[in-house]
Amino acid sequence: MKLKHFLKSTDSFFSTPKAARKLLRLFAKVLVGGLVGVTMIGLGAILSNEISVRQKQMSDAIADARVFFTQREELMRSLDLLVSSDERSAPDQNNLQHEGWDVRLGTAAHRWSLHLPDRMISHLEKSNVNLLYVAAHQDTAVIRVIESVVFDAPVPAEVLQRLGSMTPGNSGADGGVWISDENPAHPRLYLFTPVGEGDARVGWIGMEMGAGDVSKALLEDTLGQFTLLTQNGDIMLSSASLATRPLLPLNDGREFSFIGKGLWPDQLVMHKPLEYSGWQLFYAIDVRLLVQIFWLPFLAAILFIAGSTVAVCLLVRRIERRLITPATRRIDALIESEAFSRAVIQAAPVALCVLRCADGQVVLENALSQQWLGECNERERLCHDWIKRAFDDDSDQSDEFETADGRHLYLSFVRTRYNGEDVLFCAFSDISSRKQVEAAMALAKQLADAANEAKTLFLATMSHEIRTPLYGVLGTLELLGRTELKTQQKSYLQAIESSSAALLNLVCDVLDVAKIEAGQLALEVVDFSPLELMHDVVNSYIGSATKKGLHLYSYVDPKLPAMLRGDRTRLRQILNNLLNNAVKFTDNGQIVLRVQVVNRDDERIEVRWQVADSGVGIRQEDQRFLFEPFYQTVGNTNVIAGTGLGLSICQRLAALMNGSIGVVSAPGLGSSFTLNLPLELAHSAAGFPTTARLLPEMVHIYSPSHEMAEYLASWLRSWGAKTQIGRQGLEISNPDDVLLEVYPHERQKAPMEWEGPRVVLSAETGVEITSPNHWHVSPNDLKGIFEAVSQAQGVIQPSGLNIEHDRRKQLNLRVLVAEDNVINQLILKDQLEELGCSVRLASDGQEALLAWQGNEFDVILSDINMPRLNGYELARELRRVGCDVPIIGATANAMRDESDRCLEAGMQQLLVKPFSLNVLFNCLQNYERKPDGVV
């Protein structure tokens, strides 16, 4: 057990970052030491290789020297065999007598003879060897028997002295005695052998030879200086200096060694004996020569060691910085985090606890958890469901419950691991205060909803109560205007109509603002034609603009799609408001309504609607508050002040349609209001006919306004025609070409006599048509222009009439009217009869139900709010009994859900009072009865 604990502590010691850092540094030191050792081994291998190469060269030199000395010793042995004793009288020792090839040597008492064959003499001469005889007496004399080489100096006295110190009987030399001349200028070698063994007075036969051949054999540049020693330690040959020679002998048997007097060796000495004798050959190589050879590997080794050391240090530093130091910091941070987490858990303002997933027991909890959940059993009762939901990724990881003491707790839990087991970390928040706040907010919401319902009811009531008498006023005025009146009566009527219209606009604006604030305003997305919308809007204000002497034009982008999808009513409301302001605040000049495509993709299009006028303009300080409710600019004394709600409603409607509205203006220069509105592309194919396009023939355009001429030319080209602007080419044109005259103001005289088809565009009304191939169209009516040019080209059969048509016609409908207000009954009756309808009146829904039975009606027009049986109940009852005729509702309540309720009751359409003859006509013409005999 103790060993186990010891091993655990040891393992924990080695697993710490500090121990890892120490081990890493130890490993780095071992690695650097190993690299140094490997480098030293490599250098040693290089040195051994160099020494081996030089030892091989030394062996070759020794072999050459051995051959040299062996040949000379063998020659000496041969000469020794040729020596014989001769008792004849000897010649004088200073004289050499030749009797043939026999040479007599010695004194009269001891006479020797040497027989030299011719081949021996020739061999001595080829070998550059001089044959000497040295007598063995006190005054040693040298006799040159054969002189093959001439030396400048005689035999040195040192040689004779050394030879004299040896007696022929005890020379002990096998093969002769070698003596060298240490003269550095002309080194010579001598080999002597005694004559007459055992006789003290015998002489010496010797050979004298130059040391150059053997020196050349021993001298190698790569081996350095050499020294050849005899078995007695005498120097035979040497190229070393006298200062080096005492250091050469190696007595410990080593083949090479570094020698020197100081700490740093001077020379490398290699030693090897001659195999046939005890002679030894030494070579001394200067260390500087080795340095020259080894400096590059040594430098490479130093650089390798330094680089490896630096790399290892950098690697160790990087490992410490990237691994060990962050690990140390993480461990320290983990320790601190664990301590901090425990402190946070204990000091947290929420109850925290850890539940074991296996059995739901509490593993860890803080004091607040013990306080809130210690005495209740909700945690033990609900924990198993929490654990089950924690393992389900799709389930909600939260819960709410109430404890026994009435405390509301919100639980958020997550599955995790703690101490090697699956646990559930739970956080409990006290939401008792929030529950109280939610209860108070729910109560406040109920009160707010009640107040909102009261406000909505008030708006509906006020709308109904105000619109109902207004309908009587406006309807009566409209009917009155269709009668014969005097001029003064007409002016009074116009004043009453203007004031009534202003009152209606005020009511509508206030109601719209209230509906927007109450969330009652809903958008009705339908397919509509932007060209028709532009034509209707411009025609609505062309009369009022003409009365003030203003020119109202519309410019439509030819790239604009034929059909769009959006809220046509609200878009028209914005344009009507902008044009109404432009006409109101412009005294002279013109008003232009432009529509152009800003951006387009596959399904959506962004359209820019711009209303520009030449009016009085708006000051910069007023533009900031222009779109605020009830704000009115000052200084406009010539106009009747409005409610100040129009532009505010425009901005809110634009925001509801995901658009934006802005203004650019300056005093005296007019104003420009821009509406950017994203719309959807409609899938219907309504618009200009695609099968009846214009012929690709020339249409000449003449206009005093180049801008209007370019505008109409772009439309004509989009319809397929060719265009030419200006007077040029009119004289030589084809008679079948069409002339299009465009007059932005009053019609002027034609530029020339034109016999072909002519289409005149001007804002004048009641223009007399003097020729069957002449047409007159409004410049703002693009469809009329298309039809007129088509008729002029012969695509459509010309009718000889103006393109403008009266849409008001006799409907010939039988209408049952259910209305409880007597005045409204009379007005509806007169309006319907004005449209050519026969009318049956009913005072309420019950009377209308009785009137319908047994009678045939084409349309039923019913008020919504009636006594006994209201409009919804009447419609349901009629549908129940099998009535299939169209039922149209009429109400002064303009709330959001009124139209939906009418459709749910079985009605086809809803009219909001007050409505004009045009609105009533547009509604009833959809249900027009076909004449008899027409299928």
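**View 1. Salt bridges in the whole structure.** A search of the whole predicted model finds 26 salt bridges. A salt bridge is a side-chain nitrogen of Lys or Arg within 4 Å of a carboxyl oxygen of Asp or Glu. Residues are numbered from 1 along each chain as its sequence is written. This is a predicted model, where local features need pLDDT of at least 70, side-chain atom pairs count only at pLDDT 80 or more, and totals for chains, interfaces and linings use all residues; side-chain values use heavy atoms, leaving out hydrogens and water.

**View 2. Glutamate 856 and arginine 814.** These two side chains meet in a salt bridge, 3.9 Å from N to O. Glutamate 856 sits in the loop between α18 (845–852) and β34 (859–863), and arginine 814 in strand β32 (residues 814–818), so the pair ties together parts that are 42 residues apart in sequence. Helices (H or I, at least four residues) and strands (E, at least two) are DSSP runs, numbered from the N terminus. Glutamate 856 is exposed at 62% relative accessibility. Arginine 814 is partly exposed at 27%. Here, buried means under 20% relative accessible area, exposed over 50%, and partly exposed in between (1.4 Å probe, protein chains only).

**View 3. Glutamate 833 and lysine 829.** The closest N and O atoms of this salt bridge are 2.5 Å apart. Both residues lie in helix α17 (residues 822–834), four residues apart, about one turn of the helix. Glutamate 833 is partly exposed, at 37% relative accessibility. Lysine 829 is partly exposed too, at 26%.

**View 4. Arginine 880 and glutamate 877.** Their side chains meet in a salt bridge of 2.2 Å, N to O. Helix α19 (residues 871–880) holds both, three residues apart, about one turn of the helix. Arginine 880 is exposed at 60%, whereas glutamate 877 is partly exposed at 23%. Elsewhere, salt bridges that share partners join Glu400, Arg434, Lys435 and Glu438 into one network.

**View 5. A patch of positive charge.** Arg317, Arg318, Arg321 and Arg322 gather in this patch on the surface. Patches are made of residues with over 30% relative accessible area and no salt bridge, with like charges joined within 9 Å. Lys and Arg count as positive. Arginine 321 lies in helix α6 (residues 287–347). At 45% relative accessibility, arginine 321 is partly exposed.

**View 6. Asparagine 419.** Phi of this residue is near 55°, a positive value in a residue other than glycine. Asparagine 419 lies in the loop between β18 (408–418) and β19 (421–430). Asparagine 419 is exposed, at 64% relative accessibility.

Technical notes:
Patch = residues over 30% accessible without salt bridge, like charges linked within 9 Å, V, L, I, M, F, W, Y side chains within 5 Å. Areas by Shrake-Rupley, 256 points an atom, 1.4 Å probe, with all protein chains shown as cover. Charge placed at Lys NZ, Arg CZ, Asp CG, Glu CD.
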